[in-house]
Amino acid sequence: MADTALMTIPGLVDPVPASRDITPRADGRVDLIGLPRPRIRELFEEAGLDARQAKLRAKQVFHWLYHRGVTDFAAMTDIAKPMRPWLAERFVIGRPQVVEAQHSVDGTRKWLLRTADGHDFEMVFIPDETRGTLCVSSQVGCTLNCTFCHTGTMKLVRNLTPGEIVGQVMLARDALGEWPRGTMAGLDEVEEDRGHYTADGRLLTNIVMMGMGEPLYNFDHVRDALCLVMDGDGLALSKRRITLSTSGVVPMMERCGEEIGVNLAVSLHGVRKEVRDELVPLNRKYGIEELLQACADYPGASNARRITFEYVMIRDKNDSDEDARELVRLLKQFNLPAKVNLIPFNPWPGTSYECSSPERIRRFSEIVFEGGFSAPVRTPRGRDIDAACGQLKTAAEKKSRAQRDREAAAAANG
Ligand code: SAH
Ligand code: SF4
């Protein structure tokens, strides 16, 4: 079983997520989605196939699952007919359950999804002129409690399994009708969506691990899922089209570069200790300098593959000219191949922060640009359906970490 032990973080309640790579199903069958090929082979052997058969069937089934997007063993035409029901009795090809699908006026789509054991999480698809980006969640809730992030007010419910993570990508392909033709019923219904964005006609071209949760606190599962996404025989998406965003879990960054090798984005948001301590409390554990050093050491970063620094623009908090200059100074000090992404703060019910004014954001961007770094302002997408950065939160899980800490303190005292 994957080891997903979490590092302790400030606060009274330590997160203890259930660590399991397969979510148990009531009917006892095993969901194959999320399992690497060798594990599928092992399960086929345990179910009674001899080694040679198990290897062959695992290869065929893997191809049907990830390359063709098939969700029914009956459709696997190169597998002997009697074998198909045999497989269906023991295994399933799952997808996260769709609870609700919303469409923004700007084309952004958000799906509220549910795990087999009843936990809700979200994924967002953001199409633009040249690409279609799927924003994938790694956890239900988040252990960290960044003060400007709606997800941060949720408790961590649990880590998503590799199947639930790669399942989001598969579900998006289902919804966009992007499996090779002839393998899925209902393709014609989405005909109108095809071919708008890329030369090869694909809508889903990029993946960002920027949904709910901190991916580096669910490292093994995120790695295993992304390996399936990148597998040439699987979903076959290039690592150059995948970006993982971390709030700065320094001890896991090197492994992220080595074992996953995707582009790195870092949620910086503050360049002074007091400010970043407030916005991203993990900063009290891994400070700005330590974080930037880990970025400088990130395997695979170069001028051709720069690290993205995300910086949410909050009025009178982190948006002054001095802040912009300090940002430039730090990026230069650590000699970072960097680009800066300025994200206008997206409000959510109950927040006390406000977004910086457009003029302020423009000025900040100019200073960073004049300092030698590209600093585009990210256009908020899907605000009308609460799909924009930091707005993801599932209604079912309302209790905040602060609330749990208060409750824990009250229990300890009383
Ligand atoms: N936990 C990871 C990835 C998920 S958050 C991380 O923090 O990097 C994805 C991005 O959305 C992060 O850069 C986060 O800081 C940003 N974000 C969170 N709340 C936001 C808000 N209210 N407005 C704008 N961006 C926000
Ligand atoms: Fe978690 Fe990222 Fe939100 Fe911080 S910004 S609370 S790390 S999801």
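## Ser-138 in its loop

Between which two strands does the loop that holds Ser-138 lie? Ser-138 sits between β6 (132–135) and β7 (139–140). Helices (H or I, at least four residues) and strands (E, at least two) are DSSP runs, numbered from the N terminus.

Ser-138 has 1% relative accessibility, so it counts as buried. Buried means under 20% relative accessible area, exposed means over 50%, and partly exposed is in between (1.4 Å probe, protein chains only). Leave aside the neighbours within four places in sequence. Ser-138 is then in contact with Asn-159, Leu-160, Ile-165, Met-209, Met-212, Gly-213, Glu-214, Pro-215, Asn-218 and Val-222. Contact means heavy atoms within 4.5 Å.

## About the model

This is a predicted model: local features need pLDDT of at least 70, side-chain atom pairs count only at pLDDT 80 or more, and totals for chains, interfaces and linings use all residues. Residues are numbered from 1 along each chain as its sequence is written, chains are lettered from A and ligands numbered from 1 in the order in which they are written, and side-chain values use heavy atoms, with hydrogens and water left out.

## Helices α1 and α2

Two packed helices are described by the angle between their axes and the distance between the axes. Helix α1 (residues 37–46) packs on helix α2 (residues 51–67) at an angle of about 130°. Their axes are 8 Å apart. Axes are lines fitted to C-alpha atoms, for helices over the stretch in contact, and angles run from 0 to 180 degrees between N-to-C directions. α1 and α2 are therefore oblique to each other. Angles under 35 degrees count as roughly parallel, over 145 as roughly antiparallel, 65 to 115 as roughly perpendicular and the rest as oblique.

The crossing of α1 and α2 is right-handed. A crossing is left-handed if the near helix is turned anticlockwise from the far one by less than a right angle, and right-handed if clockwise. On the α1 side, the contact is made by Arg-37, Ile-40, Arg-41, Phe-44 and Glu-45. The α2 side includes Ala-51, Lys-55, Phe-62 and Leu-65. By class, the contact of α1 with α2 has 8 nonpolar, no polar and 6 charged residues. Ala, Val, Leu, Ile, Met, Phe, Trp, Tyr, Cys and Pro count as nonpolar, Asp, Glu, Lys and Arg as charged, and the others, Gly among them, as polar.

## Helices α5 and α6

Helix α5 (residues 219–230) and α6 pack at an angle of about 20°, and their axes are 11 Å apart. They are therefore roughly parallel to each other. Their crossing is right-handed. α5 brings Phe-219, Asp-220, Val-222, Arg-223, Leu-226, Cys-227 and Met-230. These meet Met-252, Arg-255, Cys-256, Glu-259 and Ile-260 in α6. The contact of α5 with α6 has 8 nonpolar, no polar and 4 charged residues.

Helix α6 also holds Glu-258. At 56% relative accessibility, Glu-258 counts as exposed. Glu-258 and Pro-299 are 41 residues apart in sequence, but 6.2 Å apart in space, C-alpha to C-alpha.

## The buried side of α8

Which residues of helix α8 (residues 288–296) are buried? They are Ile-288, Leu-291, Leu-292, Ala-294 and Cys-295. They cover an arc of only 155° around the axis, which puts them on the same side of α8. The arc is that of the directions from the helix axis to the C-beta atoms. The buried residues of α8 pack against α6 (250–260), β11 (263–267), α7 (273–279), β12 (307–313) and α9 (321–333).

## Helices α9 and α10

α9 also packs with helix α10 (residues 358–370), at an angle of about 30° and with the axes 9 Å apart. α9 and α10 are therefore roughly parallel to each other. The crossing of α9 and α10 is right-handed. Asp-321, Asp-323, Ala-324, Arg-325, Leu-327 and Val-328 in α9 meet Arg-360, Arg-363, Phe-364, Ile-367 and Val-368 in α10. By class, this contact of α9 with α10 has 6 nonpolar, no polar and 5 charged residues.

## Two positive phi angles

Most residues other than glycine have a negative phi. His-269 has a positive phi of about 70° although it is not a glycine. His-269 lies in the loop between β11 and α7. With a relative accessible area of 4%, His-269 is buried.

Asp-386 has a positive phi too, near 50°. Its place is in the loop between α10 and α11 (401–413). Asp-386 is partly exposed, with a relative accessible area of 38%.
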